[in-house]
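Let's take a walk through this structure together, one piece at a time. Have the sequence and the 3D view ready, and follow along.

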Amino acid sequence: MSFLKVRFWGTRGSVPTPGDKTAIYGGNTSCVEIRTSDDDLIVLDCGTGIRELGRELMRGPGPFRIHLLIGHTHWDHIQGFPFFMPAFMPGTELNIYAPLGFQRSLQESLSGQMQHPYFPVELNDLPSRIHYHELEEGFFRIGDVLVETQYLNHTAPAIGYRISSGNTTVAYVTDHESYWLSTNGSFPHPGDQRHIAFLRNADLLVHDAQYTCEEYKTKIGWGHSTIDYAVDIAMAAGVKRLALFHHDPTHNDATVQGLEAAARKRVEDTGSDLDVFAAAEGMQLEVQGPRLKDGLATDFIYQIRQKTARPELPVIVLTDIHTGSDQLSAELTSIDYLITPFSPSMLRSRVHAWLARSAPARSHAAPAAPVDAAGPPSVVPPHGPGRYLEISRAVPVFQASW
Ligand SMILES: [Zn+2]
Ligand SMILES: [Zn+2]
């Protein structure tokens, strides 16, 4: 069964704010840990919160394999890195991902804060093995987890991450400003529409919510969201839970509590069932995607795709569930789903329609290859429309319709 465990190590934006007035929501800058069901470790950003995460890891046996996903290299998102103890452990493997910068490489940006005038150990002197990955929009995999990226609207190249394991999705989107100021929940700008599509149906959304609407009036163009925007965009995207994140350094615990209450009221007033809360340092959540009536069908699909080594194998779910979030589950990881009552001919034409849509270049399809359930066929190309035709031709029920 797929799930993602989430732990907040730093929730503050811009600058650390230690002290008794921020003890509840925390004073450390951005850092969120995600553990996959296979125990892969993904760390989102390395603000000062990563220091405590490093200390926690060092209590267990190392060395470690860590995937560090950085949204952008503004200081509040990288300043904890020099104090991340696992990076000082020989044998530890650090895979660091961040958006491709305009003028400096990721390595240069990270090493800047570790030059001798600022820090005694240079980046290149760290004994861990570090691999750098510069990202644009697209997707990649960490073990069984799919990571999708999309540019955000910020003052530096910044990306959001959408992390999916089976049918469970967590989106991490911080340091982002609305493309268009909307107060009534409508989003006419294509940038906001793209943003909504990227966040669609996430089980947990961690979203920039730095300003009140009043504060935002003097901060337009600073690259951050209002709380109302985060709430409205989450509702528009059909998100299940929203964590308000990147708290402004001027907001103490009492202020954040008040803003959280106002956000809940905004949700209530619209009749939405979005669960909204302010992210707090130390908070731990287990996130799990929706279930189908007869168990997790999406997990079953996931296993088939894994077994056939085809992560994008088209799947049509046949279901008798007509309403509710269970259908959503099918929608998330399958190409299509068909609800009872339906006839075999309807099913066949749905498959035909799908193939016509996704594989227009039939004439260029690769030669048919045998599909063996025990393993992937050797001659099917890894990408391109031909592979879908191969797969469907090998399934007897569809052969009659060719
Ligand atoms: Zn920031
Ligand atoms: Zn920033």
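**Starting from the inside**

Let's begin with leucine 53, which counts as buried because 24 other C-beta atoms lie within 10 Å of its own, and 20 or more is enough for that label. Keep in mind as you look around that this is a predicted model. You'll find leucine 53 in helix α1, which covers residues 50–58. Which residues is leucine 53 in contact with, once its neighbours within four places in sequence are left aside? They are Trp9, Cys31, Glu33 and Val43. Phenylalanine 8 is worth a look too: it sits 45 residues from leucine 53 along the chain, yet their C-alpha atoms are separated by 9.5 Å.

Next comes an open sheet of 7 strands, in the order β7-β8-β9-β10-β11-β12-β13, with mixed pairing. Its edge strands are β7 (138–142) and β13 (275–278), each of which pairs on one side only. From one strand to the next, the twist averages 20 degrees. As background, strands of a sheet pair through backbone hydrogen bonds, either parallel or antiparallel. So how do β7 and strand β8 pair, in the parallel or the antiparallel sense? Their pairing is antiparallel, over 5 bridges, with β8 spanning residues 145–151. Within that pair, arginine 141 stands opposite leucine 146 in β8.

One is helix α5, residues 227–236, which touches β11 (204–208), β12 (241–245) and β13. The direction of α5 makes about 160 degrees with that of β12. The other is α6, which touches β12 and β13, and its direction makes about 170 degrees with that of β13.

Let's finish by following α6 itself. This helix takes in residues 253–270, 18 residues in total. From its first C-alpha to its last, α6 reaches 26 Å, close to the 26 Å expected at 1.5 Å a residue. Just after α6 comes glycine 271, with a positive phi of about 80 degrees.

Conventions. Residues numbered from 1 in each chain as written. Chains lettered and ligands numbered in written order. Predicted model: local features only at pLDDT ≥ 70, side-chain atom pairs only at ≥ 80, totals over all residues. Helix = DSSP H or I, 4+ residues; strand = E, 2+ residues; numbered from the N terminus. Buried ≥ 20, exposed ≤ 12 C-beta atoms within 10 Å, placed from the backbone. Contact = placed C-beta atoms within 7 Å. Expected span 1.5 Å × (residues − 1). Pairing = 2+ DSSP bridges. Axes fitted to C-alpha atoms, helices over the stretch in contact; angles between N-to-C directions.
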